[in-house]
Structures are given as structure tokens and as C-alpha cells.
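Colleague: I would like to go through this model with you, chain by chain. Please put it up first.

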Amino acid sequence: MLRKSKRYVSLLIMVFLVVTVFVSGCGQSAATGQGSSGTAKVVNIGWTGPLSGGAAQFGKDTLDGLNMAVDEINSAGGITVNGQKYTFKVVALDDQYKPDMSATNGRRLATQDKAPVIFVNHAGGTYALQQFNTDSSNPFLLAVHSSDPGVAAHGNKLTFVGADPFTAQPDPYSKQAMQKFGKKLALIPAVTPYGQDWGKAMTSAWTNNGGTVTGTFPMDYNTETDYASYVTKALSTNPDVIFLGGPSQPDGLVIKEARQQGFKGGFILCDQASMEDVAKVVSMTDLNGTIGFMPLSQLSSPGVKKFVAAFEAKYNRVPTFHNSGMYYDMKVIAKGMEKAGSVTDPAKILTGMKQVLPITDDSVPYQLNSINDKGQMIIGLYGTMISNGKYGQPFSITPQQ
Amino acid sequence: MLSKNQKFKWSWLFYLAVLILAFIFPALNPGSYYIQVVSLAFIYAIAVYGLNLIEGYMGQLSLAQAGLFGFGAYAAALLTMKLQLSFWLAVPLASVLTAVVAFFIGLISFRTRGHYFVIFTLCIGVIINLVIQKWDAVTGGMNGLIGIPKPTPLGPISFDSLKAQYYLILVFLLLTVFVMYRLVNSLIGRTFVSIRNSEELAAALGINVMKNKILAFCVAAFFTGMAGSLYAAFIRFIGPDISSPTLTFEFLLYLLAGGQASIAGPIVGTLLMSGLTESLQFLRDYRLLLFGPLLILIVKFLPMGIVGLIHKLASRSPFRRSAAKSLNPSKTVKGEGL
Amino acid sequence: MSLFIQQIVNGLTLGSIYCLVALGLTLIYGIMEVPNFAHGHLYMVGAYVTFFGMTLYGLNYWVSALVAGIIIAILGVITERVVFNPLRHAPSSNRFIAALGAMMFLEAAARLLWGADFRSIPPVYDKVLSFAGVRVTEQRVIVIVAAILLIIALNLFLKRTIIGSSIEAVAQNPDGSSLVGINVNVVGMLTFAIASFLAAVAAALAGPIFLVFPTMGELIIMKAFVIIVIGGMGSIPGAIVGGYILGLTESLGATYISMDYKDVIAFLVLVIILTIKPTGLFAKGV
């Protein structure tokens, strides 16, 4: 008999173990949702994105900007809504770029942390979260930082997209490149959904401007070990310009390889790459004729100067465009909350955000124009071309409405 | 005889308690986050039961499991989205389709043995993953499929709410556990174990080793595909990532932590590891730093997982010990097993 | 024509790296029957050690490569002692799983210590050599030549030295070797050291051409497994032939067949070969 009860006890231990892990563990960050520090109440701002795995760096880049915005707002005393002071707290969860983990994190942030706003920086996670962010029980505003035009395309009422769709870039880039180098373009887009869509947008912009495409060579920038065979293949079609759709450093290696194989033409970079990171891998002279986003630190507006100085002071490095995105998104959200008179109702917050735009002062690095009925914010961004080993003059990229 | 009956009663009581706990869990109002985590763990557990059958009972480490999971998910998604089939038709159909695919894979892959089999199935998994990625026209390529319909209402019961979906998944899980329990305790199940313990001996006894391996692989694939199709209807967005080999490794971790070749193992392991993953969120990168050594420690010290450990602690009688021994692959002689 | 030759050179560079990694993997498999999934991650750590040797400590490229080789050899021996040796008599699926564990650990550790971003080893031999319309950097020539030298050295070591012969003996018959007095334990450690050294040197050679990042090992290990399965697990000639075949298939396949389905082709070839000959092209044996 003793033996039997022992077995029973051990089975109980097993259940106990599972239950404890759940109850004690899952609620870890179920922090003091409305805990007060002094007189100010705390509003949790959710964030889900990759913090481990291959895309971890991208996740950390965007999160740094968000943290900086929240720290700035808090140290200025927070926001005042209906006479009550509120400060913010970022609750960041890792989803390893996987949609199901984004969904789990979203549920957790919405119900455990009562976050009225949840940031996400990839399309897959966005689609998973859009399945339930408008549920009546725990609605939240989905703040997407992705230039993928798909994220705003599904008519979700509580989605705010805080980045210009990349579809604005191919046209001005095509014009610049064609003028300088010629009408033949070869594309090496990434095999990611984002890269594929970029490639298509680039192709149509290029042909609309009267150019021809010599070939498209999709490449998996994340799993390819040697880019040389792609470069050889692309160069064999004799292009004047090559479009690159990968992250910064791989793009840099492709450029270097192309120059070593004797290519003299220009390059167009997609917005996943930032020129300053590309320049870490390849020399500025090899980069002559490269068109892409103007590096944030090269712009001279007061808003940019202020942001760059503050970022350098906080993180000890020069920020790229990716660092700034969630920074200005968060600024808009905070202002929107004050305007709306609510820190809990996501629909009111989004309406409030629409009302506070445009923001043209130096509190944000870029001019923020408006938010359209799809929740897409229209921003004024700048591109540039490298020539003589230096960044050229910025030209503006205006998204079509 | 009496003591055997006694044991029967105790475990019955225990399993009944767990079952009741599972059924009243959403009624305790734990919040949608907990329901989401547990539902997802249940879905994965169904897939891990598949792996348990092929690796635990059959001793064939198949690394194509995530590929099959992804196949099931895409099959169900396409059946509901493109052919407008009902969820209740799409799930069994997708599961059967996965089993059919597994039949053909099995036909070729079981010609190889040991590590060749493991790597062969890994390659099959990679191929499925790559085909899903590249076959834009059907799978949506890297974009995946968005807006997969929710489970079709069953008469008056709709599955719009998270709680309803939880119960739906729970029913599928119980079905899986029941079938697995009956299967491994049947003659077929004992045949599987005998093949695991010694292929030569089994063959000498007149067992058709090839046929049984393929059978086990197909049944495993059926449940893995079913898990995939439930995942598609639950998350309602799928991308090629769900068929990547990393997911297979996760299944393996769940199975080993829980205990292979046991009926409780997959569910205990999956719940425990999902809970651990969630509760260690704050550790971020350190979390993965812990999982690797944990895996090594488990295979070294707990080859039969937590369930195995508990059985070992609990069993004192000579009868039990011998039973535990026969199920313990670490006791098999080198060169056999896989 | 120059396109063809250019792609041959690209394929040979890639094939040389694959060879060196696959050789270590096949050696370990031959001696210990361990499918060492962590091998690619030792390659990754080797690349980081070379990178830091050059950038942080300002060491000469070749010195960095040597240091990386030695450090990774030690790391390899530690892996053997801590992870694989205690599981010598466990079923092979357990060793497989332990290898996965070691792989996860190394990758997480690298990401934690050095971050997830790409790094590139500063180029040393960056001059472009040009002949008959084909342009190749010196570094690529170095990779190809160094790989051939290393392969020859390894073969001489295995055939002409007593230690090398004892490794071969253990690969052919572990029980018999221990009967004639060969310490199987020492041979195991030695094998891991040599294999890891080769991986680290491969990483140092590839470093200035490729990028250095925590998941780089995962990519190469899949390829290396394909190679040794095609060549026959445990077979050294198989690994060499398989390495060059895969490298050339990748560069020429991308050019003349389909860029999109290039990776699928590599795995399909493997599946077809195993279907026809379930034990690989070359039988086991050194």
C-alpha cells in the first residue's frame, strides 16, 4: 500500500511541477499594470519582436529607439491625460520572428500587462496579431514598424503603421540611377516576402521610366555562404545598375565582389540596408554610384541633430534609420493619448494621433505629415547617391497617397 | 492480482483529476494569455505524440516531423481557403494527405538505417521547407497564407472565442492520446517495440520490419499533420517557418524532457517546456544558453525524461523494474535501437 | 566561356571550404560514430577567434588563423570529453540529440558574447588577379591552394605517422585496436582536435570573403552533412570528392539550371543517391 501511495504522490509532484512552472512563470512580467510612482500612473507599452535568433539585431535596433522615446517622455514628467499624470514602461517580449510566438506575446501583453499599444516590427507577427487586436475583450492598438505595404492592406481598424511604405522609393531611385548610368538593370532581391515585393516594385518603377531589366536573381541573403556566383551571373547580363535587396553587410559584400569582378555601374539599395552599415564592409570609393536611404546622421535638420546627439549620448553609437522609427512612432502615440484624453481606448488614441499631425518641429527627426484612413503614417524621407566617396545631396522621397 | 487492480484505480483517479483540471481550466478565468499558451502547447503535444511513436516506440529518429507538420498546415489552409471546404472535412483530409506523403517518404527512407535515416529524413524536412518557400503560386511563398478561416461552427456550437477553440483543441488532443494508448498497448505497439529492441530478432520471428516501420511512420505523420492543420486554423496565418528543421528540434526537446516511449511524456514535456519558455522570457538569449546544456543533461541523466524519472522513483517492485527496463532504450546494447 | 571559368573558380573556393569542414565531420564519424552537429558551430567560433585576433589584438592574419586553430582544437577536445565521451554507449539517437544540445549552446553563447550582427574579417589579400577575362582575388586563390595543402598534409599524417595510423586502425576496428594496445580514448580526443583544427582554419580562410555571424555554422553544417552522406559517412575520399562536387554544383547549378531551386537540387541529389545506394557512394573506411 505504501508503494502505491508513493507512486500517487510522485504523480502529484509531476502535476505540481507543471502547474507551478505555469503559474509562477508565465506571470513573471505580469507586472504592476497600474502601479504608481509618486503621483504618476504607469502605462505599459508592449513590444514583440526578435531578440534572439537570426533577426535579433534588427529587433534590438528598433527597440532601442522605443526605449529612448519612453525615457525622454518619462524624464520630462510623462503625459497628462484628464488631469492625471502618466508615465510609460516598455514591456518587451522576444518572439524570434515567429508569428505564433508574436500571437502568444500579444495575448500576454494585452491581458497580463494591460498594454493599450503593442509594437511589432515584422509582417508575419502583424498578421498574427491582427487576428485578435480588435476583439472587444482586450483591444489594443497595433503599432507596426515595417515598410511592407501589406501590413496596412487588410482593413484592420486598430493598426497604425509608423513607416512609409517602401513603394515610394523605387521611382525616385530609378530616375537618379538611369540619369547617371543607363537603362539596364539587374536585380538581386532577397527571397524574403519583403525582398520579393521590393523586387517587383523596383521592376515596375524601372520599366515605367523607360528602362529594361536584364535579369532577376533572387538570393537568400541569410543562408547563402558565397555571393560570388550570383554576382558573376548578374554581371554576365551586362547591367548598368544592380538592385540589391538584402541586409546591410551582405549587400556590402555583394558590392565588393561586383567591383572586384570589374563592375563599374551603380547600385540601388532597398531600405532594409543602411548605407552607413554597408560602408563598414566596403570602401566608400567602391560605393560610388550607390543609391539608397540618406543616412540619418548625414541629414542636417534640427530634429535629426537633436535625435542623433541624444542617441549617441545614451547608447554610445551613431544611430541608423532603423533606430529612429519606433522613436518617432512613440512620440506620436504619446501626443495622441493626450489629445484623445485616454490611455486605454485604442480607437480614441488612434483618432487623437491623427489630430496631432503634422509634427514638423525638432521633437522628431523626420517631418510627420498625416495618418491616412488605413492607419498609414505619411512621412517625408530622403534618399541620396554616393559620389566621389562622399554622400551626395539628399533628395526627397514622397509616398503617393 | 489485487495489487494490480489497486494500481489501476489510483492511476484512474489521477488521470480523471487531470482531465477535470483540463476541462475546468478556462472556467477558472486564467486570462486569454494562459489559454493561448496552453492551447498552443496542446497542438504541439499532438505533433510530439507522432514523434513519440516513431522515435520512442519504434526507435527511428525522424527529423522530417516539422516538414510534415508544415505540410498538414498548408494542406488544411489551402483546402479551407481555396476549395472552401469545411474545417471538419479539411482537418481529416489534411491528416490523411500527410500520412500518404509519409507513406512514400517511408518507402524510400526506411531503406536507409541509423544515422543515414536521421540525415535522410532531415533532408526530406529541408526539401519540404524549401518547396513551401519556393512554390509561390500555391503556398504564397515566403509571404505565407493570411486569413485562414476559423473552425466551422458545429451546429449551434461556434468556435469564435478563444475558450471554444481551447476545448476544440483539447478534444483533438484527447483523441490523440486515446488512439496512441490503444495503439501502443496492442499487438502492433508491442511489435514496434520489439523492432526497436532488435530488428534482427524481430525479423527472425517473422515480423515484416519494413511494413511495420512504414505503418508507424504513417500513423505518426497522420497526427503530426493533424496538429499542423489545427495550428493553421488557430493562428490563422502560416509561413514557411513552421516547416523548418528548428521546429523538429523543438519537438524533440519536448519529447525528451517529458520522456519518450511513454503515454504521459509528450504532454508533460510540451507543457513543461512551453511554460519554461514563457517564464524564462526575461532571460532572452540566456534562455537558449540554458536549453542546450539541458538537452545534454537530459539525454545523459534522464534518458527517459521526467515521466521516466517519476516511474523509476515510484517503482520498487521487481515486476515494475523489469517493465521499466524493457522500455528504456539506454539499456539496449550498443548498435541496436536506431 | 569566361562566365564558365569564373563560376568554376567560385565553385572551387566554396568546395574547398566545404571539404575542410566535411573532412573533420567524417573523421569524427569514422572514429566515434558521432554525427557531430556542433562541428559547424566550432567553425563559427573559429571565425570569431580569427576576427578578434586580427582586430582586437592586431595579430597577423596567419598567426590569427593558427591561434584560432589551436583554441578550437582545445574546444573540440572539451566537447568530446564533456558531451560525447560519456554517451559512448548510449543509443545513437541520444548522441545525435546531445550534439544538437552542444550546437544550441555554442550558438547562444556566440550571440550573447559577440552580438547577432554581421562582422567581416579585414581583407589582407584583396588584390585582383586578372587572366583571360576572369577576375579573382588573391584570397580565393589562397583558399583553394591552402585547402589542397591541408588535405595532402592530413593524408600524409594518417598514412605515414604512427599516431595517424592508430587513428585509421581505430576507424577500421575499434575493438581490435584496443586489443593491440591503442588507447581508444586518446585517439578519440586527437580526432576531435584535428577535426576542429581543420574547421577553424577553414573559417579563417573563408573569413575575409564571407561574413562572420552566429548562425554561419548552421548553414555550413547542413552542407557538410549532405557531403559526407553522399560520400559515405566516415570516408575521407568521399568527403573530399563530395565537397568539391557540392561547391561546383552550387555555382554551376545556379548559372545553368535554376537559381531559385538551387538548394532543392542539392538535397534532391542526396535523396536520389541514397535511394539508389543507401550507404552512400563510398563505403566506410579511410
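Modeller: Two strands count as paired if DSSP finds at least two bridges between them. Helices (H or I, at least four residues) and strands (E, at least two) are DSSP runs, numbered from the N terminus. This is a predicted model, in which local features need pLDDT of at least 70 and side-chain atom pairs count only at pLDDT 80 or more, while totals for chains, interfaces and linings use all residues. Residues are numbered from 1 along each chain as its sequence is written, and chains are lettered from A and ligands numbered from 1 in the order in which they are written.

Colleague: In which sense does β12(A) run to β14(A)?

Modeller: Strand β12 of chain A covers residues 290-293 and is joined in parallel to β11 (residues 266-269) by 2 bridges, with Thr290(A) as the partner of Phe267(A). On β14 (residues 377-387), Gly383(A) is the bridge partner of Phe293(A). The 3 bridges between β12(A) and β14(A) join strands that run antiparallel.

Colleague: Which residue in the hairpin of β3(A) and β4(A) takes a positive phi?

Modeller: Strand β3 (residues 79-81) pairs with β4(A) in the antiparallel sense over 3 bridges, and Thr80(A) stands opposite Lys85(A). The hairpin has 2 residues between its strands, and the one with a phi near 50° is Asn82(A).

Colleague: How many bridges pair β2(A) with β4(A)?

Modeller: Strand β4 (residues 84-94) of chain A also pairs with β2 (residues 40-49), in the parallel sense. Lys89(A) in β4(A) is the bridge partner of Asn44(A). The number of bridges between β2(A) and β4(A) is 9.

Colleague: What separates the centres of domain 1 and domain 2 of chain A?

Modeller: The bounds come from an automatic or database domain assignment, which gives domain 1 as 36-164 + 310-380 and domain 2 as 167-297 + 382-397. Across the boundary, 14 residues of domain 1 are in contact (C-beta atoms, placed from the backbone, within 7 Å) with 15 residues of domain 2. Helix α11 (residues 321-340) of chain A gives the most to the domain 1 side, with 3 residues. Taken over C-alpha atoms, the separation of the centres is 30 Å.

Colleague: Which element of chain B gives the most to the side that touches chain C?

Modeller: The contact takes 38 residues from chain B and 37 residues from chain C. On the chain B side, the elements that give two or more residues are α5 (114-134), α11 (245-258) and α13 (285-301). With 12 residues, the one that gives the most is α5(B).

Colleague: Is Ile20(B) buried or exposed?

Modeller: Ile20(B) lies in helix α1 (residues 2-24) of chain B. A residue is buried if 20 or more other C-beta atoms, placed from the backbone, lie within 10 Å of its own, exposed if 12 or fewer, and partly exposed in between. Because Ile20(B) has 10 such atoms within 10 Å, the residue is exposed.

Colleague: What is the radius of gyration of chain C?

Modeller: Chain C has 11 helices and 2 strands, and 58% of its 286 residues count as buried. Its C-alpha atoms fill a box of roughly 60 × 50 × 35 Å along the principal axes. The globule rule (2.2 Å times the number of residues to the power 0.38, for a radius taken over C-alpha atoms) gives 19 Å for 286 residues. Chain C is close to that value, so it is as compact as a globular protein of that length, with a radius of gyration of 19 Å.

Terms used. Contact = placed C-beta atoms within 7 Å.
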